[in-house]
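Please look over the sequence and the 3D structure shown here before reading on. The report that comes after them is meant to be read with both in view.

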Amino acid sequence: MSSVLHPAAPGQDPSVNEVSRRSAVYRPISSHLAITPPVSVVIPAMNEAENLPYVFKTLPHWIHEVVLVDGNSSDNTVEVARELWPDVKVVKQAGKGKGDALISGFAACTGDIIVMVDADGSADGNEIVSYVSALVSGADFAKGSRFANGGGTDDMTPIRKLGNRILCAVVNAKFGARYTDLCYGYNAFWKHCLGDIDLDCTGFEIETLMNIRVVKAGLRVQEVPSHEYLRIHGVSNLRAVRDGLRVLKVILKEKGARRAQRTRHTAAPDVTVPRGETS
């Protein structure tokens, strides 16, 4: 899909169908770049009413839609979201966990590009232009990195930094990746890639699972420097040791699945003898 809007040919009907109409929308995202693919932003949230004003005020005006996945909030998260972004699409989460919320949000997206943004105020929506630029320039998956040149974090303890570094090194060694960051939830990708990575986990480890499966699927990945800020209000549900062990479990499971797949591919083929012939 082209990243630049081309003028319609003389006499061309701009409303052939809904897809053509939607794709023809001119979306200037900077003074030197315009895109036609619609961009959906998915925000999983549970009791984040106080943080949403900070999240929404940085979202670019040119995005196609905001999908808020409400994890059964007991505060007025949904009401605040609708006040801040009247056209917000609210998805009520049926299950539990960040992974479950993201999967539900992805399914509700109508845009060609999907961006994942946390609801705690730690992500700067102004960076979305960098993610989208990476995708329209040829990447399949734009992966945020706090440790790439130009990135940074205000919200990681030494133990979390060490754990992230070790787990990242394991993924790089086991799957042939070259990541500088692993457990970070600010990413973007073309919606059609969902069919290649087939997400199936419910917790924080979904970010690691995505990073592994895009590599296993042979997708083009580009890291995008990103700065992570402190959570503004409330307390994170992340638990370093518990969730670190869940991430390690995902890595080992995916490595085992890869080994099993390789074994199947190297097994003797089942040869069918054409009718009328004998071996």
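## Basis of the model

This is a predicted model, in which local features need pLDDT of at least 70 and side-chain atom pairs count only at pLDDT 80 or more, while totals for chains, interfaces and linings use all residues. Residues are numbered from 1 along each chain as its sequence is written, and side-chain values use heavy atoms, with hydrogens and water left out.

## The chain as a whole

The chain holds 9 helices and 11 strands, where helices (H or I, at least four residues) and strands (E, at least two) are DSSP runs numbered from the N terminus. Of its 279 residues, 46% count as buried, a word that stands for under 20% relative accessible area, whereas exposed stands for over 50% and partly exposed for the range in between (1.4 Å probe, protein chains only).

Among the contacts (heavy atoms within 4.5 Å) with a separation of 6 or more, 75% are between residues 24 or more positions apart. The accessible surface of the chain is about 14,500 Å², and carbon and sulfur atoms hold 54% of that surface; such areas come from the Shrake-Rupley method with a 1.4 Å probe, and for residues only the protein chains shown count as cover.

Two strands pair if DSSP finds at least two bridges between them.

With strand β3 (residues 39-45), β6 pairs in the parallel sense over 4 bridges, and I114 in β6 is the bridge partner of S40. With strand β9 (residues 187-190), β6 pairs in the antiparallel sense, again over 4 bridges, and here V115 stands opposite A188 in β9.

The side chain of E254 makes a polar contact with the side chain of R213, at 2.8 Å. A polar contact is a pair of N or O atoms within 3.5 Å; within protein, one must be able to donate a hydrogen and the other to accept it, and residues adjacent in sequence count only if both atoms are side-chain atoms. Leaving aside neighbours within four places in sequence, E254 is in contact with F175, L209, I212, R213 and K216.

## A residue in helix α6

I166 is placed in helix α6 (residues 158-175), and I166 counts as partly exposed because its relative accessibility is 46%.
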